[in-house]
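Subject: Structure for you, with notes

Hello,

Here is the structure I promised to pass on.

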Number of protein chains: 2
Amino acid sequence: MRKPVLFALILTLPAFMQVSRAQNQDSVILRKMYTEALMNPVAYKNLDYLCTKIGGRICGTAKAEEAVQYIKKVMEGMKLDTVFLQPVMVKHWERGTIETATVFSEKKGSVELHVCALGTSIGTGDAGIKAKVVEVHNFDELKAIGRSGIEGKIVFFNRAADDSRISPFEAYGRSVDQRTQGAMQAARLGALAVIVRSAAPVHNNFPHTGVLHYADSVKAIPAMAVGTNDADLLSAWLKDDPSLKLSMKMNCINLPEVQSSNVIGEIRGSEHPEEIIVFGGHLDSWDIGQGAHDDGAGVVQGIDILRIYQALGMKPKHTLRAVAFMDEEIAQRGADAYAEAAKKKSEKHIGAIEADRGAAVPQGFSVDASDSSIEKIKSWKPLFKPYNLWFFEKGGSGADIHALKKQGTPLIGLVTDPQRYFDFHHCANDTYDLVNPRELELGAAAMAGLVYLIDTYGL
Amino acid sequence: MRKPVLFALILTLPAFMQVSRAQNQDSVILRKMYTEALMNPVAYKNLDYLCTKIGGRICGTAKAEEAVQYIKKVMEGMKLDTVFLQPVMVKHWERGTIETATVFSEKKGSVELHVCALGTSIGTGDAGIKAKVVEVHNFDELKAIGRSGIEGKIVFFNRAADDSRISPFEAYGRSVDQRTQGAMQAARLGALAVIVRSAAPVHNNFPHTGVLHYADSVKAIPAMAVGTNDADLLSAWLKDDPSLKLSMKMNCINLPEVQSSNVIGEIRGSEHPEEIIVFGGHLDSWDIGQGAHDDGAGVVQGIDILRIYQALGMKPKHTLRAVAFMDEEIAQRGADAYAEAAKKKSEKHIGAIEADRGAAVPQGFSVDASDSSIEKIKSWKPLFKPYNLWFFEKGGSGADIHALKKQGTPLIGLVTDPQRYFDFHHCANDTYDLVNPRELELGAAAMAGLVYLIDTYGL
C-alpha cells in the first residue's frame, strides 16, 4: 500500500524542485538587480544633468535637441550594441518671455495672478487683452450662458479638482477638459480668451501648463492656466465685483514644425535578437519646470535597465531596447513614429513598459494585454513581494507605447504612488531636487526585474 | 429534493445579508471618514503652527512647553469631553549655541564639517578638544585597536548605512549602535570624544542627531554626528593623512530634570466609557528641525481622528483618547507615565495606535497583539483596499504605546512608506513644507477607520 505513494512522490518531487529552483534563481536575480540599482546612482546622476544642466525641454525647442544629444551621448558611453536616433517631425511652440494676468477692480483694487500660457496657445498680441470675466465650471454652464453672455469676454474655467478622490489622477481626469477643450468651447461663443484653473488637486500658486486643442472650425483664442489659490482669489473677487476686468498678455507663438528624434539604445538578444522588449519614458517635458518626474525619470530608468544588465554581466535572450520618446506632451509624434517604424521593419515586440507616472515609490504594474499575459504577470507577484510591489492589475500603460497596441504588443505601465504627483505635474515645481534617489532606483529595479521575467518566460 | 435546498437558502440568506449590510455600512463610514480628512485640512494647519510657529521642541525646553500649551488649546477649542495634562518628569538638555568641527591637515589644509551634537551629549568645555582621529566601523574593530591606539584620540565611527536594504529602517537599525553606544565604548578605551557618521541611508550633509547613552561606570565624553558626505570626506582625508587633527567644540549641557506633560483629549464612550481606544504620537521632537514627520504628524493625526468623529456626528461606544506624548526622543518618560497612570486608575485599553514613522503615504498597520486580534485586523483588509492599504502584518507598534503591552493592550503602528523617512529623521530637514497634506490626511483617515472598526467589533 505504501509503494504507490512513494512512487508518486519520486515522480512529483523533481518537477516541484525544478519550479522551486527556478523561483529561487529568479529571486536571486531580482535581488541582484535591486542591489545594483540602489548601490550605483547612475540614473540619479543622469537625471541631475538632464534637469539641472539642460532643464525644461518641450519638443521643437533647442533644449529638446540638447536633451536628445545628451541622452545619445549617455547611451554611446555605455557601449551598447546599437544606439540611434529615430526621426520625428514635431510641432514647435515657444512660450516667449511674457505671460501676465492682472485683475482690475474699481471696488477692490488690482492684483497680479500666478499664470502661465497653456501649451500651443496663441499669444495675445502686443496690446494684450482686457475684458470682463465670466466664471463657469463646465461646458453645460458655458452653453447655458450662451453667446450673449460670453461674447467679448474672458471665460474663467474654475471647476476644482476633487480632493476627496483617493487617486489624484482621477481628480485630474475629471477637471482637465477645461484645459484641453476650454479655449475651443469658449471661442465658439465669441470669448476673447480663457483663463483656466490648474488641473490638479493641490492648493498653491504654481500654475500648471499642458496642451490644449484648438478646432479647425473655430478661431483660436489665447489660453492660460492660473494657480489654484489665485483661481480661488479671482472667484472671490468676482463675487464681490462681477464687473472687474482681467488684463492678460502672452507672447507665446506657434512656429513651423521641425525634425526631432526618439533616442534608442539596445542590447541585442542572444537567442531571439529579432524579438524586442522595449521600455523607457519620454524625453520632452514642459518648459516651466525641469521635467524631472515628468518624465526625465522614465528616461533614465529605462537606460538604467540596460546598465543593470551590463553591470551584472547578464545576456538577455531577446533584444532589450531603451527608448527616450520625443513629444509625449503635445502630439505623441514620437510614439507614432516608433510604432510606424516597428511595423515597417516587421519588428516583433514581445513586451513594452513605460514609466511616466512620476518617480515616486513603485506600487506595481498596470497591464494592458490579453488575459493570459495579465495572469502571467500576476503569477510573478510573489517575486516582487520583498520589494513592496503589490499592485498587479489590468489597466492603462503609457502614452508613448500605446501605439504598439495595434501590433498586439502586451503593454505595461510602471505604477508609482500618485499622491504627490500633481505637486509637480506640468509646473515649475517639477524639479530634480524633488525626486528621491531611492524611489527612482526602486522604479528602475522593478522594471528591470519585470524585463528579466519577460525575457525568461515570455508573456 | 429541492425543498431542503430552498429551506437552507432561506435560513442562510438573512445571515449573509446581515454581514453584507454591515460591511456596506462600514464601507460607507470609512469613505465618509476619508472624505472628511481629505476635504478639511485641519490637521495640516495644526501641523503648520506646531512646526513653523513653535518649531523643534526637545523635552524639557521652553519650546516643548509651548507645544504642550498649544496642543492643549487646540483640544480645548474642539469642545471634547475631557482635556487634561498628565505630568511627566523629563530630562533637560540644551544644545547651546556652538557646535563646530574642523579638520586640520598639514598635507591637505583645513575644512569645516557639517556636524551637530548628539542628544544628551556633554559639551567640550570652552577650550574645545583637538586631537588625532581614529576611524573605526564597529565595536570589534575598536576593541582590536585597543587602549594604546584610542587613548587621547577622537574616535570616528564611520560604518555606512546599507543602501541596498529595501527598508531604510533596517539600514538605520544596523548602523545606529554607533550613535547610541559609540561614546560609551570609546570612552572605555580612553577616547577624548567621538564623531559619528549620521545613521541614515542618505548621501547629503544634514547631520542627524538622536539620543546617546552614557554608562554610569564610564566617563562621559562629547559626541557629535557628521553628515554622511562629510563623513566620506573625513575618511578620504584620513587615508591621505592619518595624522590630521580634528578640533571640535560644543556648548551643549545637561540641566536638572523638569516637569512636563502628556496632553490628552477624549470623547467619552456612549456604551463603555471605561474602555479606551488610545491613539496619537509624540509631541517632543529633535531641536534642529521642526519635528514635522517626527512626530508632529502623529500628534495632529491623532487629534484629527476625534475631529472626524465630531464632524460626522459619530458617537463612539468606547472612549476615544488622543494623546500627545512627551519625551519619546530621550527617555520615553511620557510613555511610562501614561502606562503607569492607566494601571493606577485600572483603565482598560482595548486598543492603542501610534503614528510615528513619518507622514508619508500609509501602507497599512503593524500589529503587536494576540494572534486572534491580528486575524481580526487582517479580516478588515478588504475595507481598506479602496484606500491602497495593503500591509497588515504582525510587528512592532510605537515607542509611546509600547509600555501598555504589559497590560495586555493590543498595540498597532500606522505603517507609512519608509523610503524618504531618513531624509528627514532627526535632522534640520524635518520641516513642515516636506509633509504632503494628502499623505498626512490619508494617514489620519486610515487610523480613524481602524478606530471605528475596533470601536464597533472589538479586538
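Below is what I found in it, grouped by region.

First, some housekeeping. This is a predicted model, in which local features need pLDDT of at least 70 and side-chain atom pairs count only at pLDDT 80 or more, while totals for chains, interfaces and linings use all residues. Residues are numbered from 1 along each chain as its sequence is written, and chains are lettered from A and ligands numbered from 1 in the order in which they are written.

**Domains of chain A**

Chain A splits into domain 1 (28–93 + 256–457) and domain 2 (98–251); the bounds come from an automatic or database domain assignment. The centres of these two domains, taken over C-alpha atoms, are 34 Å apart. Their contact takes 16 residues from domain 1 of chain A and 16 residues from domain 2 of chain A, where contact means that C-beta atoms, placed from the backbone, lie within 7 Å. On the domain 1 side, strand S1 (82–94) and helix H12 (421–424) of chain A are the elements that give two or more residues. Helices (H or I, at least four residues) and strands (E, at least two) are DSSP runs, numbered from the N terminus. H12(A) provides the largest share of that side, 3 residues. By class, the domain 1 side has 9 nonpolar, 4 polar and 3 charged residues. Here Ala, Val, Leu, Ile, Met, Phe, Trp, Tyr, Cys and Pro count as nonpolar, Asp, Glu, Lys and Arg as charged, and the others, Gly among them, as polar.

One open sheet of chain A has 8 strands in the order S3-S2-S9-S5-S6-S7-S8-S4, with mixed pairing; strands pair if DSSP finds at least two bridges between them. Strand S3 (109–112) and strand S4 (115–117) of chain A are its edges, each pairing on one side only. From one strand to the next, the twist averages 30°. Within this sheet, strand S2 (residues 99–105) and strand S9 (residues 245–250) of chain A pair in the antiparallel sense over 6 bridges, and A:Phe104 has A:Lys245 in S9(A) as its bridge partner. Helix H6 (residues 177–188) of chain A lies across strand S6 (154–157), strand S7 (193–197) and strand S8 (223–226) of chain A, running at about 155° to S7(A). For such angles, axes are lines fitted to C-alpha atoms, for helices over the stretch in contact, and values run from 0 to 180 degrees between N-to-C directions.

Another open sheet of 8 strands in chain A has the order S1-S10-S12-S11-S13-S16-S14-S15, again with mixed pairing. S1 and strand S15 (391–394) of chain A each have a single partner strand, so one side of each is left without a neighbour in the sheet. The twist here averages 20° from one strand to the next. S1(A) pairs with strand S10 (residues 253–267) of chain A in the antiparallel sense over 12 bridges, with A:Pro87 opposite A:Ser261 in S10(A). Helix H10 (residues 371–379) of chain A lies across strand S14 (362–368) and S15 of chain A, at about 160° to S14(A).

**Nonpolar cores**

A nonpolar core is a set of buried Ala, Val, Leu, Ile, Met, Phe, Trp, Tyr and Cys residues joined through C-beta atoms within 7 Å. A residue is buried if 20 or more other C-beta atoms lie within 10 Å of its own, exposed if 12 or fewer, and partly exposed in between, with C-beta atoms placed from the backbone. The largest core has 142 residues, and A:Val194 and A:Met224 have the most contacts inside it. H13(A) supplies the largest share of this core, 12 residues. The core draws at least three residues from each of domain 1 and domain 2 of chain A. A second, separate core of 140 residues includes B:Ile277 and B:Ala292.

**Between the chains**

19 residues of chain A are in contact with 19 residues of chain B. Helix H1 (3–39) and helix H13 (437–457) of chain A each give two or more residues to the chain A side, and the largest share, 4 residues, comes from H1(A).

**Backbone points to check**

The peptide bond from A:Asp294 to A:Asp295 is cis, with omega near 5°, and A:Asp295 lies in helix H8 (residues 292–311) of chain A. A:Gln332 is not a glycine, yet has a positive phi of about 50°.

Best wishes

Terms used. Contact = placed C-beta atoms within 7 Å.
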